[in-house]
Amino acid sequence: MMKFRFRRQGADPQREKLKQELFAFHKTVEHGFPNQPSALAFDPELRIMAIGTRSGAIKIYGAPGVEFTGLHRDAATVTQMHFLPGQGRVLTLLDDDSLHLWEIVHHDGCAHLEEALHLQAPSRPGFDGASGLPSLVHITVVLLVAAGDMAALGTEGGSIFFLDVPTLTLLEGHTLGPDKVLRSVPDDYRCGKALGPVESLQGHLRDPTKILIGYSRGLLVIWNQAARCAERIFLGNQQLESVCWERSGHTVVSSHSDGSYAIWAVDTGDSPVTQPTVATTPYGPFPCKAINKVLWRSCASGEHFVIFSGGMPRASYGDRHCVSVLQAETLATLDFTSRVIDFFTVHSTRPEDEFDEPQALAVLLEEELVVLDLQTPGWPAVPAPYLAPLHSSAITCSAHVANVPAKLWARIVSAGEQQSPQPASGASSWPITGGRNLAQEPSQRGLLLTGHEDGTVRFWDASGVALRPLYKLSTAGLFQTDCEHADSLAQATEDDWPPFRKVGCFDPYSDDPRLGVQKVALCKYTAQMVVAGTAGQVLVLELSDMPAEQAVGVASLDLLQDREGFTWKGHERLSPRLGPLPWPAGFQPRALVQCLPPAAVTAVTLHAEWGLVAFGTSHGFGLFDYLRRSPVLARCTLHPSDSLAMEGPLSRVKSLKKSLRQSFRRIRKSRASGKKRTVAGSKEANAQLAEQAGPQDVEVTPVQRRIEPRSADDSLSGVVRCLYFADTFLRDAAHHGPTMWAGTNSGSVFAYALEVPAAVVGGEKRPERAVEAVLGKEVQLMHRAPVVAIAVLDGRGRPLPEPYEASRDLAQAPDMQGGHAVLIASEEQFKVFTLPKVSAKTKFKLTAHEGCRVRKVALATFASVACEDYTETCLACLTNLGDVHVFSVPGLRPQVHYACIRKEDISGIASCVFTRHGQGFYLISPSEFERFSLSARNITEPLCSLDVRWPRDATHVSHRSRESPKLSQANGTPGIILAPQSRDGSPDPICKEADTPEPPEAMLSPMSIDSATSADTTLDTTGDMTVEDVKDFLGSSEESEKNLRNLSEEEARACAILIK
């Protein structure tokens, strides 16, 4: 039989123009807490804060919505950061001894962060005979003097170099070597010993010519830079850690490696000073760890603040991460769960003010930022409007809810405020308020839901640039957990010394791993919610504005249906607490369904209008009527060879080895068979029905390649991947009604016709007649690829609206006159079938031989930037290679594609969640979400301004060079590459050869079609990684070498980062 290849039509200019008006790819903002922070700085004049990371990123924060981000060319750790007060400039020091000057500049009314200059500090071994200067081997500390025009650089060799900041040029004639200092030191103190590295440099607030120098050996020197002499010397003998100069300049405070700090009087007549006025070890007398940093802040009341980090008793509490706040007789030992990076106080820095009067204390930790109000008794923590630790407990799933009604939004915010009531004092407001947010008020409210390992679900305001925490739901109170370590720890340390006080919300420990949240679904019109967990628990909750005490009905559903030959070897189910339980205002449980065996829930969906919730595990799926508290359906999807599904995630060592062997055997078998197979003899790999076969396909085109058939005995073939409710035609073309669809890991699709009593629709009363489910269709994909998502399209080819949207006139009613169609998306192809006959209509096949598998599928509405009324609904998929492909619906015609996520970033691909209006989120680190936009119109990005003052005689040396295309940063965000200037003001020669590739075009779609709330993300770390996940990023050696060459070329072009 003859086959014909249809000639492709040329590109339609009008369609190409329309694509540009609909689709545009942007990575816009990073939500959450910076990964691996390493440095901290604060500008008291502009009220902005900067955080540097170990990957070389620099992030500046002001008022909510004011954010600036940059990335150093080299992925080196940012060790120190210093603001030039009031100028919008920041000087950074990296661990490779390079200095970089960044500045906030304005383009088109908006501020951006750009790198202006950089300097690689020279390293000269030994002594330079020409100048007699010691070597600049390693910079240990930086101090800005003379209003930021000059910087002092302390080194490991004990020398101090001076730098002209506007040009980043070393001033050779101003170098202060240790030999000059030793001349003022008594002979008995020298003893032939070196002073050691420069540990600290401090400037005088009122006299910029004076510098306080602290050497590692313990020597403190007040150096007069104008007179080039030592004014005062303090002979300390204990190894020095840090120094603080009191505001008036009359007192110096030093901290030491033995856990002590000393107070030195500057006004004493004796010089050198041999003994401090006060020397104390706060947590002695037993050996203590070093006090790494100390601050002295004066108050008009005379009760000054002494704030220091470290100093804990080495034997008893050496593993604690603490910052101590001491005022008069009041001591608070702030106990954190992660390492202290740095801290600062927000206080008055005007020279005319006599006292500091600190308002707040900001502590940067490795996993969170904590701010305390020092003006309110008890020093309470100030809630952060951004930089909240998303990973306070490890994120296990996420979902996005768009267009949240104003009433529901207000109720959620109110419930969150009742959880953490704010003090009546207005002094506890967020102290970092610099800049102005120029972005418009969001037209709609968006909720980002994150499920966590400790059984909590957190609600975040994702409407704008700042990801603000709203409310936290905890499910642990419903169950009897294995341990209560938090309570016992608090009781054990309540009366002990030191007076520990738990601060911060980062808690990496979980009471019980079975509490982990795997899936969440929220109905925004009824405020009903479903939370499903690791031990097969499915919890139905409803939002209540008042606290209540009530019992929760518990029902069990056996998904095995008494099938013989299967024995569950995994974890036990969670035991619910019996009797009435108190529940605070917020989401309160109404029903608990326990799946048996208690395997992790892999899919869930909610239809509040029908009062039904469907859920699936690795053993099957069930349907539950939560109005009647009764099960409706249980279906086992296990294959006879699915023994691996019975072992659970905690006992898969032997079975994992067996799975690896089987997978690699399949790889070898497929490669061997692929060589023998020809294109002419390739078989159709679409979903085929037992009732009717699809039409004969034309010859395979180069875009649609062959699909690899899978074996029927694959392990975990019974895993339910997606569930879907729809009001459509299933039995015949004349009558439509409620249906439920389920797709499994083995390519099976089950469609059930539901008999829902009319009284249930829109009502909340328990109907007397039960809901019934009858199997209507059962489909088996021939290639047995996992079914990722299912969606029903109406007569106009549009997705069906969510529950209550059509009945409450919140969305256009679906077309129930024309023929419906069902879109079935597997990991390897998309196909549209007509309903109710389920005959093949349209399809698009992706290649399996190149390792491309669909991981996420979503439907999104894209609005045109040229015409407000024109929108298109498109299908987008994210593959395991990190690429995004967008197709028209229902024609499945390719529109655009883009490389969104690195293919090696398995967790990032698995965590991706889409919105309904062309945006998306994915994890670039355990604590950060990258936000991206696929819509040319719907973009959420920082638009802000900052009022800076430039010195009149300052030379603006940053030349805005040509823009290069976007480059992936170390933390995932692309930026616009600018060519920075070297210290002589000329363009960096590295950037001259940079090529400019074509601008990217891309798009992605939101609203996952297997759930009304896009809740299809699972990041279970208890053993769900498969061999296919490993195969996703294991390429050939040629491909790896090519990637490395490309990466080297990109790094050679990278210079500085500008992010809007």
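## Aromatic rings and charges over them

In this predicted model, ring pairs connect F25, Y898, Y922 and F932 into a cluster. Across the whole structure, a search finds 22 aromatic pairs. One of them joins Y386 and W430 in an edge-to-face arrangement, with the ring centres 5.6 Å apart and an angle of 75° between the planes. The Y386–W430 pair links distant parts of the chain, since Y386 belongs to the loop between β28 (369–373) and β29 (395–401) whereas W430 belongs to the loop between α5 (406–419) and β30 (436–437), a separation of 44 residues. Y386 and W430 are both buried.

Another pair, F621 with F750, is tilted, at 5.7 Å centre to centre and 45° between the planes. Here too distant parts of the chain are linked, with F621 in strand β46 (residues 620–625) and F750 in strand β51 (residues 748–755), 129 residues apart. The relative accessibility of F621 is 0%, so F621 counts as buried, and F750 counts as buried because its relative accessibility is 5%. Besides ring pairs, there are arginines placed over ring faces: R320 lies over the face of F500 at 4.3 Å from the ring centre, and R808 lies over the face of Y804 at 4.2 Å from the ring centre.

## Strand β50 and its partners

Strand β50 (residues 737–744) has 8 of its 8 residues buried, so it is largely enclosed by the rest of the structure. It pairs with strand β49 (residues 720–728) in the antiparallel sense, over 8 bridges, and within this region Y724 stands opposite W741 of β50.

Strands β50 and β51 also pair in the antiparallel sense, in this case over 5 bridges. Together β50 and β51 form a hairpin with 3 residues between them, and G747 in the turn has a positive phi of about 85°. Across this pairing, A742 has F750 of β51 as its bridge partner; F750 is the residue already described as forming a tilted aromatic pair with F621.

## A mixed five-stranded sheet

An open sheet is formed by 5 strands in the order β36-β37-β38-β43-β40, and its pairing is mixed. Strands β36 (517–523) and β40 (553–558) stand at the edges with a single partner strand each, which means that one side of each is left without a neighbour in the sheet. From one strand to the next, the twist of this sheet averages 20°.

Among the residues involved, D558 has L596 in β43 as its bridge partner.

## An antiparallel four-stranded sheet

A further open sheet contains 4 strands in the order β44-β45-β46-β47, with antiparallel pairing. Its edge strands are β44 (603–607) and β47 (630–636), each of which pairs on one side only, and the twist averages 10° from one strand to the next.

Strand β44 and strand β45 (residues 612–616) run antiparallel and are joined by 5 bridges. In this pairing, the bridge partner of T605 is A614 in β45. Strand β46 of this sheet carries F621, whose ring pairs with F750 in β51.

## Overall composition

The protein has 10 helices and 67 strands, and buried residues make up 56% of its 1060 residues. Among contacts between residues at least 6 apart in sequence, 63% join residues at least 24 apart. The accessible surface of the protein comes to about 44300 Å², and carbon and sulfur atoms account for 51% of that area.

Key: Residues numbered from 1 in each chain as written. Predicted model: local features only at pLDDT ≥ 70, side-chain atom pairs only at ≥ 80, totals over all residues. Heavy atoms only, no water. Phe/Tyr/Trp six-rings, centres within 6.5 Å; stacked < 30°, edge-to-face > 60°. Helix = DSSP H or I, 4+ residues; strand = E, 2+ residues; numbered from the N terminus. Buried < 20%, exposed > 50% of the residue type's maximum accessible area, 1.4 Å probe, protein only. Lys NZ or Arg CZ within 6 Å of the ring centre and 35° of its normal. Pairing = 2+ DSSP bridges. Axes fitted to C-alpha atoms, helices over the stretch in contact; angles between N-to-C directions. Contact = heavy atoms within 4.5 Å. Areas by Shrake-Rupley, 256 points an atom, 1.4 Å probe, with all protein chains shown as cover.
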